[in-house]
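Dear colleague,

Please find the structure below, handed over for your study. My findings follow it.

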Amino acid sequence: MLTLVAFVVALGILIAIHEYGHYRVAVACGVKVLKFSVGFGKPIFTWRLKNRPTEFSIGMLPLGGYVKMLDEREGPVDPAERHLAFNNRPLGARAAIVAAGPAANLLLAIVLYAIVNWSGLQEPQPLLASPVAGSIAERAGLRGGERVQQAAFDDEALQEVRSFEDLRWRLTRAALGGRDVRLEVTDGVGAAQGDAIGPSRSVLLPLGQLNAADADAQLFRKIGILGPWTQAVIGEVMPGGAAQKADLRMDDVVLRIGNQPIVDGQQLRETIRASKGTESWQVLRAGKTFQLPVTPEIRQEAGQSIGRIGAYVGTPPAMVTVRYGPLDGLWNGALRTWQVSVLTLKMMGKMLIGEASLKNLSGPLTIADYAGKSASIGWSAYLLFLALISVSLGVLNLLPLPVLDGGHLMYYLWEAVTGKSVSDAWMDRLQRGGVAILLGMMSVALFNDVTRLLG
């Protein structure tokens with residue numbers, strides 16, 4: 001139920017803001033708006049504002065919306081109102097009305113990001129877990145336990161890294177953009193605990209060599225940075241499992257497995273997964289050190305042999321509240337909106353030329369799933385989800401497809417260059433082609449949705 005409610009509310013907000021952008025600029029440009037609708041199909045609620053000609057309504061199907069304006073191309077217009085018709089407005093006014101919908105979504109994203117920045121968000125500190133064996137991070141000299149102080153793309157100026165999510169976002173943009181990242185880190189276990197001890201050092205992650213096509217879990221396994229640092233502690237022990245049989249107990253700190261020192265929870269999980277038999281574990285319990293022989297259970301998962309001990313592993317990561325002031329929060333909201341927009345366009349371009357997988361397309365089922373998950377986490381996560389989808393909606397509508405706002409702007413560009421509008425015959429051909437492309441994209445997105453959910 002939460003997923004459905006969160007999804008419907010998200011669609012309602014995003015569509016209403018988009019259509020309100022069209023409506024508000026149309027009224028400002030002197031165009032008579034006949035109807036403003038959020039949703040399609042039979043209206044379930046209709047109203048009018050005093051002294052306004054517009055009928056507002058909410059349709060039964062919340063999968064879109066529209067603003068119907070007075071237009072001579074769609075029906076007869078009273079000669080006394082010809083000056084209020086959309087088709088009779090100057091080219092600049094028509095372009096502004098069409099562009100206002102996507103612009104409203106991008107402005108909404110800025111506001112949502114700013115609200116989260118102002119209110120503060122609890123995020124993991126930028127402490128690095130042990131890197132994946134053979135990954136870029138390991139080859140670059142990272143060992144786990146480092147605190148990332150600053151980061152920069154290529155030769156750009158270093159900027160403060162405020163949280164692990166901040167770092168992850170920078171790595172995502174760098175990998176998909178084919179750029180290297182330079183990190184300034186502080187070494188040592190004390191750094192992992194939050195203390196800045198010893199001098200910092202510079203680490204170069206050559207992410208430009210990845211030629212990344214997808215922003216998925218495998219991308220971060222190649223980079224080698226899967227999550228924030230956590231302590232290598234045993235959590236709840238399951239009855240009858242390998243951990244209980246080996247006399248492992250809750251709150252035991254794992255120091256070593258065989259001859260391998262254990263740095264953190266991530267390394268402990270990876271070592272257990274790769275286990276092939278009995279090994280000696282060195283654990284710290286109540287200030288005393290013990291040696292325990294542990295034999296993980298080997299299970300077959302997705303064609304691989306995976307070791308399990310029947311216990312939770314690791315502690316929650318150390319958290320930090322990331323909060324910005326009024327101007328910084330707004331600026332960072334605008335910056336994040338710009339960065340997401342650019343990344344979205346780059347990914348669409350890569351998919352178009354075959355450099356990125358079409359699996360990156362998501363449809364309504366995936367959006368609904370993330371709506372429910374983000375809402376269950378809290379309102380900040382839900383606002384961030386809304387901001388992301390609002391950016392995607394704004395960027396998508398600016399694409400030069402005839403059925404989208406970007407397609408109409410393309411017509412107006414032609415009119416501005418040639419001095420005449422696109423002919424009805426060409427308009428019909430382009431509309432048909434645009435519908436076919438959009439249906440194809442929607443089919444792929446829906447197929448991806450079903451594949452993800454079934455997988």
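**Findings in the predicted model**

The largest nonpolar core contains 40 residues, and Met-69, Phe-86, Phe-385 and Leu-386 have the most contacts inside it. Such a core is a set of buried Ala, Val, Leu, Ile, Met, Phe, Trp, Tyr and Cys residues joined through side-chain atoms within 4.5 Å; buried means under 20% relative accessible area, exposed over 50%, and partly exposed in between (1.4 Å probe, protein chains only). A second, separate core of 23 residues includes Leu-142, Ala-175, Leu-205 and Ile-225. In soluble globular proteins, nonpolar side chains tend to be buried together.

Leaving aside neighbours within four places in sequence, Phe-385 is in contact (heavy atoms within 4.5 Å) with Ala-10, Ile-367, Tyr-370, Ala-371 and Ser-374.

Where does Arg-285 lie, buried or exposed? Arg-285 counts as buried because its relative accessibility is 14%. Not counting residues up to four places away in sequence, Arg-285 touches Asp-247, Leu-248, Arg-249, Asp-252, Phe-290 and Leu-292. This residue belongs to strand β11 (residues 279-285); helices (H or I, at least four residues) and strands (E, at least two) are DSSP runs, numbered from the N terminus.

As to the source, this is a predicted model in which local features need pLDDT of at least 70 and side-chain atom pairs count only at pLDDT 80 or more, while totals for chains, interfaces and linings use all residues. Residues are numbered from 1 along each chain as its sequence is written, and side-chain values use heavy atoms, with hydrogens and water left out.

Yours sincerely
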